[in-house]
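Biologist: Hi! Could you walk me through this one while I have it open on my screen?

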Amino acid sequence: MTRPTLFPAKTIAITGGARGIGYQTAKELIGRGHRVAIGDIDEARAKEAADELGISSVARLDVTDPDSFRAFLDMVETQLGPIDVLINNAGIMPTGHVHEEEDTVTRRQVEINVLGVIFGTKLALQRMLPRRAGHIINTASLAGELSVPGLATYCGTKFAVIGFTEAARQEYRKSGVCLSTVRPTFTNTELVAGTSGAKGLRNAEPQEIARATADLI
């Protein structure tokens, strides 16, 4: 059950917000009274999600394209005000053995899971640092701490997200801007369809990750 926030409402932008963890996070934050915008590469689904969520701040977003990302953040700030929180949630998780992975699939994972996070973080910092306020949350994964056979490239990208965010967090620790990671285990979304999950760990529900992210904010 969503509960209202005890803190002032914030302007929050979420990438990959059309489905899965991103969608549930948007829903949770809206329920707590925050102003939320979503972006997603799937424009049609993003608009459907916005209608379901009852919001109008939505746009097609290609996180691998800095110009697309910049335009998304411009839209958010024009419609909702200065961005208080950016949640870099967009990601993909193809499965399979390394030697069988197509080069295009490898490149796409790195572009979305790593470059998308770096581009978003840089663009958000440029807006937040002059105000000496803001929070950037990068969705990593437990696969960024543990090796998972069949997900080698994905693990590598999430290791990168954690390392990048931790270094940036220290770099800006006195700036007034916070940087955090969320590190879910396997979560029951379309992303993990066809996988067996992590051995010895139950799969999480996207609503659980959404609540944890909202509490972190």
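This is a predicted model: local features need pLDDT of at least 70, side-chain atom pairs count only at pLDDT 80 or more; totals for chains, interfaces and linings use all residues.

Biologist: Which side chain meets Glu77 in a salt bridge?
Modeller: That's Arg131, at 3.9 Å from N to O. The two sit in distant parts of the chain, 54 residues apart: Glu77 is in helix 3 (residues 66-80), and Arg131 is in the loop between helix 4 (103-128) and strand 5 (134-139). A salt bridge here is a side-chain nitrogen of Lys or Arg within 4 Å of a carboxyl oxygen of Asp or Glu. Helices (H or I, at least four residues) and strands (E, at least two) are DSSP runs, numbered from the N terminus.

Biologist: Why would such side chains pair at all?
Modeller: Side chains of opposite charge can pair when their charged atoms come close.

Biologist: And which residues are in the network with Glu77?
Modeller: Salt bridges link Asp74, Glu77, Arg127 and Arg131 in a network. Arg131 is partly exposed too, with a relative accessible area of 33%.

Biologist: How many salt bridges are there by that rule?
Modeller: The count comes to 15. Another one is Arg183 with Glu166, whose closest N and O atoms are 3.7 Å apart. That pair also links distant parts of the chain, 17 residues apart, with Arg183 in the loop between strand 6 (177-182) and helix 6 (206-216) and Glu166 in helix 5 (residues 152-171).

Biologist: What about Arg32 and Glu28, buried or exposed?
Modeller: Both are buried. Their closest N and O atoms are 2.9 Å apart in a salt bridge.

Biologist: Switching topic: in what order do the strands sit in the sheet?
Modeller: The order is 3-2-1-4-5-6, in an open sheet of 6 strands with parallel pairing. Strands pair if DSSP finds at least two bridges between them. Strand 3 (58-60) and strand 6 stand at the edges with a single partner strand each, so one side of each has no neighbour in the sheet. On average, neighbouring strands are turned by 15° against each other, direction ignored.

Biologist: Which helices pack on it?
Modeller: Helix 1 is one of them, touching strand 1 (11-15), strand 2 (35-40) and strand 4, and its direction makes about 165° with that of strand 1. Helix 5 packs on the sheet as well, touching strand 5 and strand 6, at about 160° to the direction of strand 6. Axes are lines fitted to C-alpha atoms, for helices over the stretch in contact, and angles run from 0 to 180 degrees between N-to-C directions.

Biologist: Last one: what does Asn89 touch?
Modeller: Leaving out residues up to four places away in sequence, Asn89 touches Ile14, Thr15, Gly16, Ile21, Gly22 and Thr139, where contact means heavy atoms within 4.5 Å. Asn89 lies in the loop between strand 4 (85-88) and helix 4, and it counts as buried at 13% relative accessibility. Thr139 also has a bridge partner in strand 6, namely Val182.

Key:
Residues are numbered from 1 along each chain as its sequence is written. Side-chain values use heavy atoms; hydrogens and water are left out. Buried means under 20% relative accessible area, exposed over 50%, partly exposed in between (1.4 Å probe, protein chains only).
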